[in-house]
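My notes follow the structure.

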Amino acid sequence: MTSRSDAGVFHVRALLLGVLYVCGSLLFVTSMLSKTTTLTNVSSNTCPTVRGVDQIIVLLVDALRPDFVLPALSPHYLDGVECSTVSARGVDGNVNGDRRSTLTYMEENLKRVAHPSHGFFFLSDTPTITAQRIKAITTGTTPAFLEVGTNLNTDEVQIDNILLQLRRRSILLGDDTWLNLFPDHQGNASFWKHTHALPPYNVSDFDTNDATVIADLMPLLLSETAEQAPDDYARLIIGHLLAVDHVGHRHHASHPAMYKKLSDINEMLRNVTKRLREERQTSMRTLLVVFGDHGMTNSGDHGGDSEGERDSFMYAELFESSRDSVHAPVNSSDKFQRKNNLTEKRWEDNIDEDLSRLKACRDVAGVHPGKLSAVHQVDLTPTLALLLGVPIPFSNVGRVIPEMVALSNPDVNMSASEECNWKQLTSYFDEAGLYIKPEWKDSNLSLRRRIAQMSHFARSIRMEIRRDGAFIGSSLCMVTALSLLRNGDIQQVICGRSVLGIGTLFLLVLRLLAVFANSFIIKESVEVFCLLQLLLIAALFVAPTKGGGRHASFLIVILLVLLRVAVPLVSRERSHITHTAEATSHLEMWLAKQFPEFHYNSVGIILGAALFVFSAPTMPHRLMGIVLGTVAAVCYGQPLIHHIGPFVFFALTFFFRGMGPLRYTALVLWSSSLCNDNYVASASIAVSGVLLPVVLTATRHLPVVPQALMLHLYMWVSFFAQGNQCLLNTVDLNASFVGLPFNSVALGSVFVLSRLCNAFLFAPIAVMITYGTDRARGWRVCYLLLYITLAQSAVSSFNGYIQKSHLMFFPIFCPKFIFDFCIGMAACIGYALAALLA
């Protein structure tokens, strides 16, 4: 037993270490990924008058990927086939030849050259997160990478935007993320005429939001007209549809539920356009714009920079006045010839080099080539402003979309519109202190090319690095990492001549330095798994041959076999090229194929409880384990009771002696219940958590340093075995609403982080429970485990500073040090929990 003063020494050291790490890491992260430089200037200069539109109806289909509209592109987005090698496949659009429901209304119209519509590949910047995409669409700016963290807790937009310019002539239906960005409260009367917003986080609900949006939209199409409300009719109506995004998060991109929702949206589009075309009697000209804020991976995730996540689709259709003879059916394509010519010129000029890869996709899309362009998401902002006759937002970095303007007005003076756009960009560059290259003022270079280059430059420097803060933060991180050499246990290994000790140091150094190579980061799940197996084999060779040594050897052999068989089955592979994780693990794919109707969400709880009962040391523990498993399973999914039940049981364990293992198991089973219907991940959390004390028992004969490193590696293997990767699009946001009948950003964040970092949160508690009779050894292991985890995270941050100009900074190094930072924080919290609970 250790004295309270001995434990206090470890706690003080852990506190000092944690403070040094947190200060350095926070300073580094906030300096490296500071938010974009924005100006509060409000533009007041409108562009030369064009024959715009009286009203724009925006239907934002969250996570609308191009192949959801153009099924001929399914081989590219679903199977990774290059568009240049894809042959035209008609409307079926998939390798197997089976018909999948898509948005055929848009596809059919894009095949008709005389139809007043146009399609666009709609490319978003990273991060591909809804709140940041809404900011880009409304302000014309590109939010920085760090602002991904505001998706659950969005800040009010403080800069000029299209809603501000419209002065309470806008209506919102759907996702309440818009209201977080543009509040509709009494003190702010600048944005909305009317709102009906719904919370977006219950991804298991595919119907409520979209049904409400459509139910509200249909009567508004008749009431919000110049005839019905001549003084204040809404000029911009926004309907934000969430079902596609929710199906992706809950299932995956090619799940039957996805095609069911796409079919529903397709029918909704036909109903909306029929009302606009046949039932609405108005003198107004209306533009319907349907687009996605981002795409998704095949697993249904988003947040990263893969093609599937950045590529979305936009469709625009013009509805002339019901009293205009032009509204009659058109038999000639002459009216839209200029629009089609502008499309061809866009592809021929290749001004936007990052969009040129989509030309091959256009050629095989199965629609009229003159009706399919490619634009950046920020380009929509100045285009909407121009068509609505309001000033372009001051900080906009997008450029006017000629094809959309020509759709509304074939005779528009495009040069005048582009000159207005150029002047707005120049004003922004001057005010923001951005460098203006001489050629951008050279009249010998076309306005279109000048604007494109300025837009590209502004988007490319969207992240401002505070170099002094980044340097100081990374230096503090390295002090944290290098101080590991001052640890007494590490020094003993360095000074000793033990083969096991030298081998452990080699593996530790390899683990710390592997983060400097992007290939090791991509295959980190394989790296930590191999290192763990090496340490377990070493533990097997040094196990005592007498007494409890045979039992330890038996346990290690069983662990090696279980890990070797199970981990590859439940882990999601990460791609070298696309920087995405596979949609599902091998085990999930096999189960989905063999048992498609099996969705028993409590399987993780039951399996974890069964393993605990099997490994419990006494009959009372076994009985209590059965009670705990029953309580957790019965309470599963019940509003609030889902969380209250396990935690009431957790609290009751403090009234009985020797209930530490049950306390730990209650936390593990609770975290396994946060996976919603992902029962494989749930089972993985439960099994890895319940097995951790067994791992500790089997390796008690190891010195402190090898055991601490082995636990560090085991936690990382558990992290990957739960379907996680160091990619933002693999974060399971489903956990934020499990068992909650209401929205809570605070609780939702706790649930998501508990789902993500459970191994690092609960491992110190498992250590102290296992070493209940040798707490001095337990605190040494806990302290060194914390030290190694923080050192690895600190080295990752330092590497981020070194690699800040690397081509793979955003796809690989940036997500890695963000995840390492979160895991380092979780390790600190885990140590504190062990000090309080164990």
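I began with Cys361, which counts as buried because its relative accessibility is 1% (buried means under 20% relative accessible area with a 1.4 Å probe, protein chains only). The model is predicted, so I kept in mind that local features need pLDDT of at least 70 and side-chain atom pairs pLDDT 80 or more, while totals for chains, interfaces and linings use all residues. Residues are numbered from 1 along each chain as its sequence is written, and side-chain values use heavy atoms, with hydrogens and water left out.

I then looked up the partner of Cys361 and found a disulfide to Cys83, S to S 2.0 Å (a disulfide is a pair of cysteine sulfur atoms within 2.5 Å). The torsion about this S-S bond is about 85°, so the link is right-handed. Cys83 lies in the loop between helix 2 (74–79) and helix 3 (104–110) and Cys361 in helix 12 (residues 359–363), so the pair ties together parts that are 278 residues apart in sequence (helices are DSSP runs of H or I, at least four residues, and strands runs of E, at least two, numbered from the N terminus). Cys83 is also buried, at 3% relative accessibility.

My search of the whole structure gave 2 disulfides. Cys47 is joined to Cys420, with S to S 2.0 Å, and this link is left-handed, with -80° about the S-S bond. Cys47 lies in the loop between helix 1 (4–32) and strand 1 (55–61), whereas Cys420 lies in helix 15 (residues 414–432), so parts 373 residues apart in sequence are tied together.

Technical notes: Buried means under 20% relative accessible area, exposed over 50%, partly exposed in between (1.4 Å probe, protein chains only).
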